[in-house]
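Visitor: Please take me through the fold and the packing of the chain shown here.

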Amino acid sequence: PRNSPFATALKQSSLLMVVPTQSTSVYSRIWCVYEAFLAVDLGKTVFTASLPIMGRLVNSMLVALVLSPLCMALGYVVAQ
(Lines give C-alpha, C1' and ligand atoms only; values in the text may rest on other atoms or scores of the structure.)
Protein backbone atom coordinates (compact mmCIF):
# COMPACT_ATOMS: atom_id res chain seq x y z
CA PRO A 1 0.00 0.00 0.00
CA ARG A 2 2.90 2.46 0.50
CA ASN A 3 3.50 2.31 -3.26
CA SER A 4 -0.16 2.57 -4.25
CA PRO A 5 -1.37 5.42 -6.47
CA PHE A 6 -2.97 7.05 -3.41
CA ALA A 7 0.26 6.86 -1.39
CA THR A 8 2.23 8.27 -4.31
CA ALA A 9 -0.17 11.21 -4.63
CA LEU A 10 -0.25 11.75 -0.86
CA LYS A 11 3.55 11.99 -0.72
CA GLN A 12 3.31 14.96 -3.11
CA SER A 13 0.56 16.76 -1.17
CA SER A 14 0.72 18.86 1.96
CA LEU A 15 -2.62 17.79 3.44
CA LEU A 16 -5.45 15.27 3.41
CA MET A 17 -9.13 16.17 3.57
CA VAL A 18 -11.39 13.54 5.16
CA VAL A 19 -15.03 13.96 4.13
CA PRO A 20 -17.45 11.94 6.27
CA THR A 21 -20.91 10.99 5.05
CA GLN A 22 -24.13 10.53 6.96
CA SER A 23 -24.59 6.97 5.71
CA THR A 24 -21.55 5.42 7.40
CA SER A 25 -18.47 6.35 9.39
CA VAL A 26 -15.24 6.80 7.47
CA TYR A 27 -13.58 4.85 10.28
CA SER A 28 -15.59 1.74 9.41
CA ARG A 29 -13.85 1.62 6.02
CA ILE A 30 -10.41 0.05 6.36
CA TRP A 31 -8.92 1.95 3.40
CA CYS A 32 -10.03 5.29 4.91
CA VAL A 33 -8.38 4.38 8.20
CA TYR A 34 -5.20 3.38 6.37
CA GLU A 35 -5.17 6.56 4.30
CA ALA A 36 -5.52 8.71 7.44
CA PHE A 37 -2.78 6.67 9.15
CA LEU A 38 -0.49 7.05 6.17
CA ALA A 39 -1.07 10.81 6.04
CA VAL A 40 -0.19 11.18 9.72
CA ASP A 41 2.80 8.87 9.32
CA LEU A 42 4.04 11.04 6.44
CA GLY A 43 3.61 14.19 8.55
CA LYS A 44 0.72 15.58 6.53
CA THR A 45 -1.97 17.85 7.95
CA VAL A 46 -5.31 16.02 8.11
CA PHE A 47 -8.54 18.05 7.96
CA THR A 48 -12.01 16.66 8.60
CA ALA A 49 -14.91 18.32 6.82
CA SER A 50 -17.96 19.26 8.89
CA LEU A 51 -21.43 20.64 8.38
CA PRO A 52 -21.60 24.12 6.91
CA ILE A 53 -21.72 26.90 9.51
CA MET A 54 -25.34 27.72 8.64
CA GLY A 55 -26.47 24.27 9.75
CA ARG A 56 -24.77 24.69 13.11
CA LEU A 57 -26.00 28.27 13.42
CA VAL A 58 -29.61 27.26 12.90
CA ASN A 59 -29.29 24.46 15.46
CA SER A 60 -27.75 26.84 17.99
CA MET A 61 -30.52 29.38 17.47
CA LEU A 62 -33.20 26.74 17.97
CA VAL A 63 -31.59 25.60 21.21
CA ALA A 64 -31.37 29.21 22.39
CA LEU A 65 -35.03 29.82 21.56
CA VAL A 66 -36.08 26.81 23.62
CA LEU A 67 -33.72 27.30 26.56
CA SER A 68 -34.03 31.07 27.00
CA PRO A 69 -37.67 31.12 28.14
CA LEU A 70 -37.07 28.11 30.37
CA CYS A 71 -34.07 29.75 32.03
CA MET A 72 -35.95 33.02 32.50
CA ALA A 73 -38.90 31.20 34.08
CA LEU A 74 -36.57 29.26 36.37
CA GLY A 75 -34.79 32.47 37.37
CA TYR A 76 -38.12 34.11 38.15
CA VAL A 77 -39.24 31.15 40.32
CA VAL A 78 -35.93 31.04 42.20
CA ALA A 79 -36.01 34.81 42.82
CA GLN A 80 -39.47 34.59 44.46
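Visitor: How many helices and strands does the chain have?
Guide: This is a predicted model, in which local features need pLDDT of at least 70, side-chain atom pairs count only at pLDDT 80 or more, and totals for chains, interfaces and linings use all residues. Residues are numbered from 1 along each chain as its sequence is written, and side-chain values use heavy atoms, with hydrogens and water left out. Helices (H or I, at least four residues) and strands (E, at least two) are DSSP runs numbered from the N terminus, and along the sequence they follow the pattern α-β-α-β-α. The count is therefore three helices and two strands.

Visitor: What is the radius of gyration of the chain?
Guide: The radius is taken over C-alpha atoms, and the globule rule is 2.2 Å times the number of residues to the power 0.38. That rule gives 12 Å for 80 residues, and the chain is well over this, so it is more spread out than a compact globule, with a radius of gyration of 22 Å.

Visitor: Which residues make up the largest nonpolar core?
Guide: Such a core is a set of buried Ala, Val, Leu, Ile, Met, Phe, Trp, Tyr and Cys residues joined through side-chain atoms within 4.5 Å, where buried means under 20% relative accessible area, exposed over 50% and partly exposed in between (1.4 Å probe, protein chains only). The seven residues are Ala 7, Leu 10, Leu 16, Val 18, Val 26, Leu 38 and Ala 39.

Visitor: Is Val 19 buried or exposed?
Guide: Val 19 lies in the loop between β1 and α2. Because its relative accessibility is 54%, Val 19 counts as exposed.
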